Amino acid sequence: SLYSVFTVLFMCFTSISTAQTTDCLHLREQCINAANGCESVWNVVEDICNISVLGNRCKAEDVIGCNRIIQVLADEYPEFKNCVCTTDDFCSITTLLGKQCSINKDNISTETKLQWNLSALSKQAYTANRTCLDVNKECVEDEVCNKQLSLYLKVCSVNKKCNMEECQAAIRFFYQNMPFEVAQMMTFCDCIQPDESCHRAKELLHGKPCAVTAVPPPSCLNVIHMCEENELCRKKYTNFRSKCWRHVTKKCYDDEACLETLIKDDVPCSANADCKAAYISNWGTMLRVECTCQNLPTAEQPLCELLHHMLHSKSCFS
């Protein structure tokens with residue numbers, strides 16, 4: 001099963017022939033061009049396994065997560081089954097992608113960014129206070145945006161059983177490869193009550209419920225602790241604090257006892273372009289999971305409320 005796969009599931013570097021590597025690359029092209037949902041899963045593989053990160057040379061930060069999603073790909077699309085291995089020997093996704101790992105130009109992330117250059121939306125300057133219904137409509141009417149939105153929604157669809165990790169990876173891929181102006185337009189859109197169609201559009205664009213709703217909701221303290229145990233999330237959280245909440249970082253850094261002495265009114269947010277980019281980078285991580293401060297011991301309440309304010313307050317961007 002997906003969660004019991006702890007053996008290395010990358011391509012076997014030592015035992016797979018060059019011809020087989022070529023076959024796997026051919027399968028990747030077929031997968032990307034097929035209209036059967038394979039591209040959505042591949043995009044998640046790209047994200048979790050860090051294939052698309054320039055200069056990364058296909059070195060996964062989250063090895064276990066990467067193993068899991070490669071196994072999902074092979075389970076859902078059996079033609080890939082010879083492109084994974086289940087040994088403990090040295091295995092590498094480099095063999096699956098051949099020279100593309102060292103060149104770092106032929107990757108989906110770069111291709112996607114080039115596609116966005118053709119989008120009319122990428123030429124628009126960001127304007128605040130857009131409704132999510134208008135933003136969603138503009139995206140659907142734009143060929144490039146609609147394609148990327150469709151791929152993300154296939155993974156996060158409410159019509160199938162939600163896999164939070166896969167959905168979060170799809171959101172990361174969606175938001176981090178689009179132009180910054182478009183990402184702002186989508187992440188900062190909102191609705192005026194009681195416009196139901198707008199709220200539905202907002203949920204679609206913002207990954208609700210699959211990527212952000214856990215049952216029962218975790219405490220905000222737990223969200224931060226879980227984030228700090230994940231290398232990718234920890235980096236994003238560190239960057240977010242330094243770009244948006246420099247006062248907090250400067251005064252307390254990771255000292256929870258110090259953080260407890262701060263109240264949200266004392267914590268100014270920088271709200272500049274770097275801060276907005278860091279906030280958008282949090283999308284598709286556990287930092288966006290809806291958290292609560294209810295039912296916590298009184299002593300933990302102030303710190304929890306401060307963290308909730310830092311993670312979820314829109315006051316920084318309004």
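Modeller: Helix 8 and helix 9 are roughly antiparallel to each other; the term applies to angles over 145 degrees, while under 35 counts as roughly parallel, 65 to 115 as roughly perpendicular and the rest as oblique. This is a predicted model, in which local features need pLDDT of at least 70, side-chain atom pairs count only at pLDDT 80 or more, and totals for chains, interfaces and linings use all residues. Residues are numbered from 1 along each chain as its sequence is written, and side-chain values use heavy atoms, with hydrogens and water left out.

Colleague: At what angle do helix 8 and helix 9 pack, and how far apart are their axes?

Modeller: Axes are lines fitted to C-alpha atoms, for helices over the stretch in contact, and angles run from 0 to 180 degrees between N-to-C directions. Here helix 8 (residues 143-156) and helix 9 (residues 164-176) pack at about 170°, with their axes 8 Å apart. Helices (H or I, at least four residues) and strands (E, at least two) are DSSP runs, numbered from the N terminus.

Colleague: Which residues of helix 8 and helix 9 meet?

Modeller: Contact means heavy atoms within 4.5 Å. From helix 8 come Gln 148, Leu 149, Tyr 152, Val 155 and Cys 156, and they meet Glu 166, Cys 167, Ala 170, Ile 171, Phe 173 and Phe 174 of helix 9. By class, this contact has 9 nonpolar, 1 polar and 1 charged residues. Ala, Val, Leu, Ile, Met, Phe, Trp, Tyr, Cys and Pro count as nonpolar, Asp, Glu, Lys and Arg as charged, and the others, Gly among them, as polar.

Colleague: How do helix 12 and helix 13 cross?

Modeller: The axes of helix 12 (residues 220-228) and helix 13 (residues 231-244) come within 6 Å and cross at roughly 115°. Ile 224, Cys 227 and Glu 228 of helix 12 meet Cys 233, Arg 234 and Tyr 237 of helix 13. That contact has 4 nonpolar, no polar and 2 charged residues.

Colleague: How many helices and strands does the chain have, and what share of its residues counts as buried?

Modeller: The chain has 17 helices and 0 strands. Buried means under 20% relative accessible area, exposed over 50%, and partly exposed in between (1.4 Å probe, protein chains only). Of the 318 residues, 49% count as buried. Among contacts with a separation of 6 or more, 74% join residues 24 or more positions apart.

Colleague: Why is helix 2 described as largely enclosed by the rest of the structure?

Modeller: In helix 2 (residues 38-48), 11 of the 11 residues are buried, so this helix is largely enclosed by the rest of the structure. Ser 40 belongs to helix 2 and has a relative accessible area of 3%. Leaving aside neighbours within four places in sequence, Ser 40 is in contact with Leu 151, Lys 154 and Val 155. Trp 42, also placed in helix 2, has a relative accessible area of 0%. The C-alpha atoms of Trp 42 and Arg 28, 14 residues apart along the chain, are separated by 8.0 Å.

Colleague: Which residues have the most contacts inside the largest nonpolar core?

Modeller: A nonpolar core is a set of buried Ala, Val, Leu, Ile, Met, Phe, Trp, Tyr and Cys residues joined through side-chain atoms within 4.5 Å. The largest has 80 residues, and Tyr 175 and Met 186 have the most contacts inside it. Beyond neighbours within four places in sequence, the contacts of Tyr 175 include Ala 183, Met 186, Leu 205 and Trp 283.

Colleague: What should be noted about the backbone?

Modeller: Most residues other than glycine have a negative phi, and most peptide bonds are trans. A cis peptide bond joins Lys 208 and Pro 209, with omega about 0°, and another cis bond joins Val 215 and Pro 216, with omega about -5°. Pro 209 is in the loop between helix 11 (196-205) and helix 12, and Pro 216 is likewise in the loop between helix 11 and helix 12. Asn 129 has a positive phi near 60° and is exposed, with a relative accessible area of 76%. Asn 295 has a positive phi of about 60°; Asn 295 is exposed, at 79%.
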